[in-house]
Amino acid sequence: MPQGTAGARDESTRDRVARSILTNGPSSAAVLAERLELTPAAVRRHLDHLLDEGLVESREERVYGPRGRGRPAKVFVLTDHGRHAFHTAYDDLATTAMRFIAEAGGDDAVTEFARHRVAEVEERYRDLLAQAPEGKKAEVLAQALTADGYAASTAEAGHGAQLCQHHCPVAHVAEQFPQLCEAETEVFSRLLGKHVQRLATIAHGDGVCTTHIPGTPAVKEPVAPVSDGESARTAR
């Protein structure tokens, strides 16, 4: 095989590894190998190259809930340099694909695709949210989103809380196809068991994606009925 062909294949596979991390968030070498149907050795070789170029970095996997024995697995995430390097080409490709879906199947097809895209996220988060105490669900959701690269946080706001996402990997695409934001909001509602409201999005030019999560109304103690006789005695 000519050397140039081998080099092009390496770059193509390396690009797949980086894009998989970009799309799916922090990933271990084993998960990448399974996802991309590559050998662990091949994935590690490409990861080493991406590390040398400063496109990815490694860190310990964040564990939510009780931690088992042994050290947390090492996961790989894109650096800021890596995101900038891949976002432009990724956005162009994603926008072209979304336009094709819209032209071929209309708005309903775009909505169906958007819901399919976030279904995997909902599946991964479901157990985390189900195990979290009622008052901690928003915080746990923010932690999970942060682990996936959304830099999320929560803050009290009136009778509830605000979930803030300071980064959105698909902001440029969502600017043209708001169905992506709408599908994500639907997932938040199902995971939290509440009707949430999206107040702002990065895709629409806001600095942060902000979602309002209503609080649980305080339950008032029932007042026992007072008989006429008791009222008369109290009046004395």
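# A tour from A151

Select A151 to begin: this residue is found in the loop between α5 and β3 (152-156). Helices (H or I, at least four residues) and strands (E, at least two) are DSSP runs, numbered from the N terminus. The structure is a predicted model, in which local features need pLDDT of at least 70 and side-chain atom pairs count only at pLDDT 80 or more, while totals for chains, interfaces and linings use all residues. Residues are numbered from 1 along each chain as its sequence is written, and side-chain values use heavy atoms, with hydrogens and water left out.

**Backbone angles**

Stay on A151. Its phi is near 50°, a positive value in a residue other than glycine. Most residues other than glycine have a negative phi. Is A151 buried, partly exposed or exposed? A151 counts as partly exposed because its relative accessibility is 34%; buried means under 20% relative accessible area, exposed over 50%, and partly exposed in between (1.4 Å probe, protein chains only).

Now select E37, in the loop between α2 and α3 (40-52). E37 is not a glycine either, yet it has a positive phi of about 60°. With a relative accessible area of 73%, E37 is exposed.

Select α5 (137-147). How many of its 11 residues are buried? Eight are, so the helix is mostly covered. Among these buried residues are K137, V140, L141, L145 and A147.

Next select G135, in the loop between α4 and α5. G135 is exposed, with a relative accessible area of 74%.

**Strand β6**

Select T210, which lies in strand β6 (residues 209-214). T210 counts as buried because its relative accessibility is 10%. Which residues does T210 touch, not counting those up to four places away in sequence? They are Q162, L163, C164, Q197, R198, L199 and A200. A contact means heavy atoms within 4.5 Å.

**The nonpolar cores**

In soluble globular proteins, nonpolar side chains tend to be buried together. A nonpolar core is a set of buried Ala, Val, Leu, Ile, Met, Phe, Trp, Tyr and Cys residues joined through side-chain atoms within 4.5 Å.

Select Y125, L129, L141, L145, L163 and L180: of the 33 residues in the largest nonpolar core, these touch the most other members. The elements that give two or more residues to this core are α4, α5, α6 (171-174) and α7. Apart from this core lies another, of 15 residues, including V17, L32, A33 and V43.

Then centre the view on L180. Leaving out residues up to four places away in sequence, L180 touches M98, A114, R117, V170, V173 and A174.

**The cavity**

L180 also belongs to the lining of the largest cavity, along with R117, V118, Y150, Q165, C168, V170, A174, C181, E184, R198 and C209. On a 1 Å grid over the protein atoms alone, a cavity is a set of points where a 1.4 Å probe fits but cannot get out, and a pocket is an open set with protein on both sides within 12 Å along at least five of seven lines; lining residues have an atom within 4 Å of a point.

The structure holds one cavity of 30 Å³ or more, and about 80 Å³ of space lies in the largest cavity. Grid points are joined across faces, edges and corners, and a volume is the space filled by probe spheres set on the points. Select α7 (179-192) and α4 (80-131), each of which supplies at least two residues of the lining. The largest share, three residues, comes from α7.

**The pocket**

Finally, select P26, E61, R124, A147 and D148, which lie nearest the centre of the largest pocket among its 20 lining residues. The volume of this pocket is about 520 Å³. At least two lining residues come from each of α2 (29-36), β1 (56-60), α4 and α5; α4 gives the most, with four.

**The whole chain**

Of its 236 residues, 37% count as buried.
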